[in-house]
Amino acid sequence: MPELPEVETMRIQLAKYLAGHKILAVEIRNRKTFQGDEKKIVGAKITGTRRFGKVSVIDLANGYSVLTHVKLTGQYIYRGPNLKNPSKLSAKVTGGIPGPHTLVIFNLDRGGVLYYNDVRRFGWIRIEKTEDVEKEKFIVKLGPEPLKDLTLEIFKSILSKSGRPIKIVLMDQTKMGGVGNIYANDALWLSKINPKTPAKELQNDKITELYKAIISVLKAGLKYGGASELAFVTPDGAEGEYQNHTLVYGHEGEPCERCHKSLIKKFFLGGRGTYFCPVCQV
Ligand SMILES: [Zn+2]
């Protein structure tokens, strides 16, 4: 599932490509994907984008906003005058645009089009009044975000209150927003912490290392435009590159690049693939 760097990359590109466009029509090919009355956004000018955890928000000048959670396989792809020479469409855009997996099409002025594709159809788009966006239950519940408002002090306090495995706590969106499986794996390897360690058992210096590691891997993710390991593509139709730069995620059976004393092992924790070095991460 896309995590903070992927959704933030998407938000940045959407801001760039949608700036100044007006929505002329909305074609909904799968009603379950789209919640709310699309007529409310027809004719409205796009003013900007925001992100809350893994939810991206497109704000409109008429007091409405378009919220999107792409879940596992949702993709926004833009074509139009604000993207002069789009690169070749990623093969991860199954069926192309528009294609059998295109569920919503936003027709914009000046010949622009924003496609929403979603093979698994778990993602959702919701129309809401802009003033109500921050009252959304999942946004109210969202924990503080690394790179934004998660300070080391808050981080320490969150960990001290949980006996659950540290990796599960990192991925709990109500504890902190935006960290999912790929970056949790990499941050734990970077700070030499076993993913199963109960959060409250971590010593202060380890917590500080982990805090820095989270920031470091998220920044690397952003630098590479996110990870296109599954279906993630950027709104220009290309792919992120972080999947080629992961530290431990996806490296099962390969030698640990730090200690060279063990192969990376994989097991499942809370149902998610968990990678670690049994020598460095004890
Ligand atoms: Zn190692």
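# Close-up views of a predicted model

**View A. Helix H1 against the sheet.** Helix H1, made up of residues 4–18, lies across strands E3 and E4 (55–60), and runs at about 175° to E3. The coordinates shown in this and the following views are those of a predicted model. The open sheet to be seen here is formed by five strands in the order E2-E9-E5-E4-E3, with mixed pairing. Its edge strands are E2 (34–35) and E3 (46–52), each of which pairs on one side only.

**View B. The pairing of strands E5 and E9.** Strand E5, spanning residues 64–69, is joined to strand E9, spanning residues 124–129, by six bridges in the antiparallel sense. Within this pairing, His69 stands opposite Trp124 of E9.

**View C. Aromatic pairs, with Tyr224 and Tyr242 as one example.** Nine aromatic pairs are found when the whole structure is searched. One of them joins Tyr224 and Tyr242 in a tilted arrangement, with 6.5 Å from centre to centre and 40° between the planes. Both residues lie in the loop between helix H6 (204–223) and strand E10 (265–269), so the pair ties together parts that are 18 residues apart in sequence. Tyr224 is partly exposed, having a relative accessible area of 24%, whereas Tyr242 counts as buried at 1% relative accessibility.

**View D. The rings of Phe267 and Phe276, with Lys196.** The ring centres of Phe267 and Phe276 are 5.5 Å apart and their planes stand at 85°, so this pair is edge-to-face. Phe267 and Phe276 are both buried. Lys196 lies over the face of Phe267, at 5.1 Å from the ring centre.

View E. Elsewhere, Tyr76, Phe106 and Tyr116 are linked into a cluster by ring pairs.

**View F. The surroundings of Ser90.** Ser90 is found in the loop between strand E6 (74–79) and strand E7 (102–108), and with a relative accessibility of 7% Ser90 counts as buried. A polar atom of the Ser90 side chain lies 2.9 Å from the backbone nitrogen of Lys92. When residues up to four places away in sequence are not counted, Ser90 touches Val233, Gly237, Ala238 and Glu239.

Definitions and conventions. Residues are numbered from 1 along each chain as its sequence is written. This is a predicted model: local features need pLDDT of at least 70, side-chain atom pairs count only at pLDDT 80 or more; totals for chains, interfaces and linings use all residues. Side-chain values use heavy atoms; hydrogens and water are left out. Rings of Phe, Tyr and Trp (its six-membered ring) pair if their centres lie within 6.5 Å; planes under 30 degrees apart count as stacked, over 60 as edge-to-face and the rest as tilted. Helices (H or I, at least four residues) and strands (E, at least two) are DSSP runs, numbered from the N terminus. Buried means under 20% relative accessible area, exposed over 50%, partly exposed in between (1.4 Å probe, protein chains only). A charge sits over a ring if NZ of Lys or CZ of Arg is within 6 Å of the ring centre and within 35 degrees of the ring normal. A polar contact is a pair of N or O atoms within 3.5 Å; within protein, one must be able to donate a hydrogen and the other to accept it, and residues adjacent in sequence count only if both atoms are side-chain atoms. Contact means heavy atoms within 4.5 Å. Two strands pair if DSSP finds at least two bridges between them. Axes are lines fitted to C-alpha atoms, for helices over the stretch in contact, and angles run from 0 to 180 degrees between N-to-C directions.
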